Amino acid sequence: MIVKKEKTEALADAAERAQMQGSSLWDDAWRRFRKNRAAVYSVTILVLITLFVIFAPMLTHYAYDFNDWDALSAPPSARHFLGTDSLGRDLLSRAAIGGRISLLVGLSGALVAVVIGTLYGALAGFFGGWADTLLARITDVFFAVPFVLAAIVVMQMFKGRSSILTVVL
């Protein structure tokens, strides 16, 4: 009975403090983020990868396109931490440069999606009524069509015209 009373009092004290302090949406989101271990680990790994791709090329002794003719297909060693490829290029430098490009592509894609989504939503919100309904139905059509099928159709439409389209899709 005493334990139950102590828990009840502690809960009441916490409720009072929460009412007095209040919390913003950012505080709530930050608290929930810190409790989610998978999210914290994921962000930590993403930060480490980002730091690696930014600073590794500055710290390595070899440029990504330098051929070390004395170390063709060399295994990992003190000179080449990840080894070299068949042309003697340092794999650590090449992985860092490739990571830069991958992060740039991902961030660019996210930025384009945010800009297009914001403009699309702003148009729907500003005009409202029939325009909002029309834009919502167009969005529903895009959600209804599987991405792979749409990618195949678009690639067939532009067959032989552009190799960059193939890479993007």
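Axes here are lines fitted to C-alpha atoms, for helices over the stretch in contact, and angles run from 0 to 180 degrees between N-to-C directions. In this predicted model, local features need pLDDT of at least 70 and side-chain atom pairs count only at pLDDT 80 or more, while totals for chains, interfaces and linings use all residues. Residues are numbered from 1 along each chain as its sequence is written, and side-chain values use heavy atoms, with hydrogens and water left out. The chain has seven helices and zero strands. Helices (H or I, at least four residues) and strands (E, at least two) are DSSP runs, numbered from the N terminus.

**Overall make-up**

- From the N terminus on, the order of elements is α-α-α-α-α-α-α.
- The chain has 169 residues, and 14% of them count as buried. Buried means under 20% relative accessible area, exposed means over 50%, and partly exposed lies in between (1.4 Å probe, protein chains only).
- Take the contacts in the chain between residues at least 6 apart in sequence: 30% of them join residues at least 24 apart. Contact means heavy atoms within 4.5 Å.

**Helix packing**

- Two packed helices are described by the angle between their axes and the distance between the axes.
- Helix H2 covers residues 25-35 and helix H3 covers residues 37-59. Their axes come within 5 Å and cross at roughly 90°.
- H2 and H3 are therefore roughly perpendicular to each other. The classes are set by angle: under 35 degrees is roughly parallel, over 145 roughly antiparallel, 65 to 115 roughly perpendicular, and the rest oblique.
- On the H2 side, Phe 33, Arg 34 and Lys 35 make the contact. They meet Arg 37, Ala 39, Val 40 and Val 43 of H3.
- The residues of this H2 with H3 contact split into four nonpolar, no polar and three charged. Ala, Val, Leu, Ile, Met, Phe, Trp, Tyr, Cys and Pro count as nonpolar, Asp, Glu, Lys and Arg as charged, and the others, Gly among them, as polar.
- The axes of H4 and H5 come within 6 Å and cross at roughly 150°.
- H4 brings Tyr 120, Leu 123, Ala 124 and Phe 127 to this contact. H5 brings Gly 129, Ala 131, Asp 132, Leu 135, Ile 138 and Thr 139.
- By class, the H4 with H5 contact has seven nonpolar, two polar and one charged residues.

**Cavity**

- The structure holds one cavity of 30 Å³ or more. On a 1 Å grid over the protein atoms alone, a cavity is a set of points where a 1.4 Å probe fits but cannot get out; a pocket is an open set with protein on both sides within 12 Å along at least five of seven lines; lining residues have an atom within 4 Å of a point.
- The largest cavity has a volume of about 40 Å³. Grid points are joined across faces, edges and corners, and a volume is the space filled by probe spheres set on the points.
- Its lining is Thr 60, His 61, Tyr 62, Arg 79, Phe 81, Asp 90 and Leu 92. Three of these residues are nonpolar, two polar and two charged.

- The largest pocket holds about 250 Å³ of space. Ala 113, Ile 116, Gly 117, Thr 139, Phe 142 and Phe 143 line the largest pocket.
- Helix H4 (91-127) and helix H5 (129-144) are the elements that give two or more residues to that lining.
- The lining of the largest pocket has four nonpolar, two polar and no charged residues.
- The second largest pocket has a volume of about 160 Å³. Phe 142, Val 145, Phe 147 and Ala 150 line the second largest pocket, and by class they are four nonpolar, no polar and no charged.

**Single residues**

- Leu 92 sits in helix H4. Leu 92 is buried, with a relative accessible area of 13%.
- Not counting residues up to four places away in sequence, Leu 92 touches Phe 52, Thr 60, Phe 81 and Leu 82.
- Leu 92 and Ala 63 are 29 residues apart in sequence and 9.7 Å apart in space, C-alpha to C-alpha.
- Ser 73 lies in the loop between H3 and H4. Ser 73 is not a glycine, yet has a positive phi of about 50°.
- Ser 73 is partly exposed, with a relative accessible area of 48%.
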